[in-house]
Amino acid sequence: MIQVENLTVHYPDTKVEALTNISLSLNKGDFVCVLGKSGAGKSTFIRTINGLQKPTGGEIYFDGQPISLLKEEQLRKVRRQTGMIFQHFSLVPRLTVMQNVLTGMFGYRSSFKNLIGWFTKEELDLAKRVISEVGLSDMATRKVERLSGGQKQRVGIARALAQQPKVLLGDEPVASLDPGTSNRIFTLLTEMHNRLDLLTIINVHDIELAKRYATRIVALKDGKLIFDGAPEDFKDAE
Ligand code: ADP
Ligand code: ADP
């Protein structure tokens, strides 16, 4: 589904080569955890796959199409198939769960009376469905600022699922959560991954979590790929 070929990312302002010559192929059904110490290049890797960061070398193919050659409209189509969740959730605290999911999906459509109005029945139904899938139906009208960290990340997951993605990306989505909550979030991600037949790629720094939930581990060190294989074969030598 996603082919990464000789991917290199150089940041000119810090003169850091965050990724060096990474090649791998990521397939539907893979639940990939990307491991590596702080600064290893995990976040750059995820952001490059999502098109938020431009490669300085190499190419990423999405369903066979080279990303760098895509026109704006095609690129938007590819990005729409990629849902993303974040360490700090990236939600709007003063809006409700429902409003966060809807604006995440469709952008703001405000009318002069209504800060958030203007959604079709289908859009509202989809939002309700994904909110129910992450177990937050009872809190749909609650403001996000009043939720716990785990609940906030569930909203993040609902917003990503509302895009009906083929690929789910996570940039350290459990780094701010306690171990129990992290496990529950990973359990939910695993359920969604299996049911929707996704390609899931999640950065984590916790090796135990990665080994418990991933079907495949990719490890980075100083921007280089040092491991790509089954969790049971991964030895934490680094
Ligand atoms: P990780 O997610 O594994 O902590 P990052 O991808 O965030 O790694 O960072 C990899 C390297 O690139 C680090 O040395 C970091 O300082 C550098 N870096 C990351 N983002 C930027 C940026 N926007 N500008 C300059 N340097 C960056
Ligand atoms: P219904 O039968 O009411 O239309 P379902 O929940 O059975 O709704 O979903 C229909 C299809 O949509 C199924 O193929 C299912 O895998 C898919 N689907 C369900 N939930 C989601 C979701 N959150 N994101 C993307 N696709 C979904």
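Helices (H or I, at least four residues) and strands (E, at least two) are DSSP runs, numbered from the N terminus. This report describes a predicted model, in which local features need pLDDT of at least 70 and side-chain atom pairs count only at pLDDT 80 or more, whereas totals for chains, interfaces and linings use all residues. Residues are numbered from 1 along each chain as its sequence is written, chains are lettered from A and ligands numbered from 1 in the order in which they are written, and side-chain values use heavy atoms, with hydrogens and water left out.

Two strands are taken to pair if DSSP finds at least two bridges between them. In general, the strands of a sheet pair through backbone hydrogen bonds, in either a parallel or an antiparallel manner.

Cys33 has Ile217 of β9 as its bridge partner.

**The antiparallel sheet**

A further open sheet has 4 strands in the order β2-β1-β4-β5, and its pairing is antiparallel. Strands β2 and β5 (65-66) stand at the edges with a single partner strand each, so one side of each has no neighbour in the sheet.

Strand β1 is joined to β2 by 7 bridges, and the two run antiparallel. Leu7 has Ile22 of β2 as its bridge partner. The hairpin of β1 and β2 has 4 residues between the strands, and there Lys15 takes a positive phi near 55°. Between β1 (residues 2-11) and β4 (residues 57-62), which also run antiparallel, there are 5 bridges. Along this pair, Ile2 stands opposite Phe62, and Thr8 stands opposite Gly57. Helix α1 lies across β1, β2 and β4, at about 55° to β2.

**The surroundings of the ligands**

A residue is near a molecule or strand if one of its heavy atoms lies within 4 Å of it. Ligand 1 is surrounded by 13 residues, of which the closest are Thr14, Gly39, Lys42, Ser43 and Thr44. The residues around ligand 2 are Arg129, Val130, Glu133, Leu161, Gln164, Arg195 and Leu196.

The table gives polar contacts of both ligands, a polar contact being a pair of N or O atoms within 3.5 Å; within protein, one must be able to donate a hydrogen and the other to accept it, and residues adjacent in sequence count only if both atoms are side-chain atoms.

| Residue | Protein atom | Ligand atom | Distance |
|---|---|---|---|
| Gly41 | backbone N or O | oxygen of ligand 1 | 3.0 Å |
| Lys42 | polar side-chain atom | oxygen of ligand 1 | 2.8 Å |
| Thr44 | polar side-chain atom | oxygen of ligand 1 | 2.5 Å |
| Arg129 | polar side-chain atom | nitrogen of ligand 2 | 3.2 Å |
| Glu133 | polar side-chain atom | nitrogen of ligand 2 | 2.8 Å |
| Leu161 | polar backbone atom | nitrogen of ligand 2 | 3.5 Å |

The protein covers 43% of the 550 Å² of accessible area that ligand 2 has on its own; accessible areas come from the Shrake-Rupley method with a 1.4 Å probe, and for residues only the protein chains shown count as cover. The elements that give two or more residues to the shell around ligand 2 are α4 (121-133) and α6, and α4 gives the most, with 3 residues. By class, this shell has 3 nonpolar, 1 polar and 3 charged residues; Ala, Val, Leu, Ile, Met, Phe, Trp, Tyr, Cys and Pro count as nonpolar, Asp, Glu, Lys and Arg as charged, and the others, Gly among them, as polar.

For ligand 1, the shell divides into 4 nonpolar, 6 polar and 3 charged residues. Helix α1 gives the most to the shell around ligand 1, with 3 residues.

Technical notes: Contact means heavy atoms within 4.5 Å. Axes are lines fitted to C-alpha atoms, for helices over the stretch in contact, and angles run from 0 to 180 degrees between N-to-C directions.
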